[in-house]
Amino acid sequence: MKKIEIIIKPFKLEDVKDALVEAGITGMSVYDVKGYGRQQGHSELYRGAEYVVDFLPKIKIDVVVKDEMVETVINAVVNSAKTGKIGDGKIFVSSLDEVVRIRTEERGSEAV
């Protein structure tokens, strides 16, 4: 099994969620996060004073899938979140050693 962490622009959340559901994903966790990458934030003017916004608002989505679903999820996210501009986001894929459903004590892929 794999855990896929997806970082996207906030306005792309609905598009990505719809693409994941269409790809067969039945559960996900969504978080409001802040961060920056190559764009390094930006400067803004407020009441005549300039200040730097280092951390930009982003959305993080976590999904857990069977190994054979990884490419399907990656393709769904890229096709739905890509704008072609800096800051579109990242996808991180990690291996999971164990998953346990607390209610039923199911383990492994049955717990997902």
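Predicted model: local features only at pLDDT ≥ 70, side-chain atom pairs only at ≥ 80, totals over all residues.
Which backbone oxygen lies 2.9 Å from a polar atom of the side chain of Lys 58?

Close-up 1. The backbone oxygen in question belongs to Gly 87, and it lies 2.9 Å from a polar atom of the Lys 58 side chain. Lys 58 has its place in strand 5, which covers residues 56-65. Although Lys 58 is buried, it has no salt bridge, because a salt bridge needs a side-chain nitrogen of Lys or Arg within 4 Å of a carboxyl oxygen of Asp or Glu, and the nearest side chain of opposite charge, that of Asp 88, is 7.4 Å away.

**Close-up 2. The buried face of helix 1.** Helix 1 spans residues 13-22, and within this helix Val 16, Ala 19 and Leu 20 are buried. When the helix is seen down its axis, these buried residues fall within an arc of 100°, so they line one face of the helix. In an α-helix there are 3.6 residues a turn, so residues three or four places apart point the same way. The buried residues of helix 1 pack against strand 1 (2-8), strand 5 and helix 2 (70-81). Just after helix 1, Gly 24 takes a positive phi of about 105°.

**Close-up 3. Leu 20 in the largest nonpolar core.** This core has 15 residues, of which Leu 20, Ile 61, Val 63 and Val 73 touch the most other members. Strand 1, helix 1, strand 5 and helix 2 are the elements that give two or more residues to the core, and helix 2 gives the most, with five residues. Leaving aside residues up to four places away in sequence, Leu 20 touches Ile 6, Ile 25, Met 28, Ile 61, Val 63, Val 73 and Val 77.

Conventions: Residues numbered from 1 in each chain as written. Heavy atoms only, no water. Helix = DSSP H or I, 4+ residues; strand = E, 2+ residues; numbered from the N terminus. Buried < 20%, exposed > 50% of the residue type's maximum accessible area, 1.4 Å probe, protein only. Lys, Arg positive; Asp, Glu negative; His and termini not counted. Polar contact = N/O pair within 3.5 Å; in protein donor to acceptor, adjacent residues only side chain to side chain. Arc of directions from axis to C-beta. Contact = heavy atoms within 4.5 Å. Core = buried A, V, L, I, M, F, W, Y, C linked by side-chain atoms within 4.5 Å.
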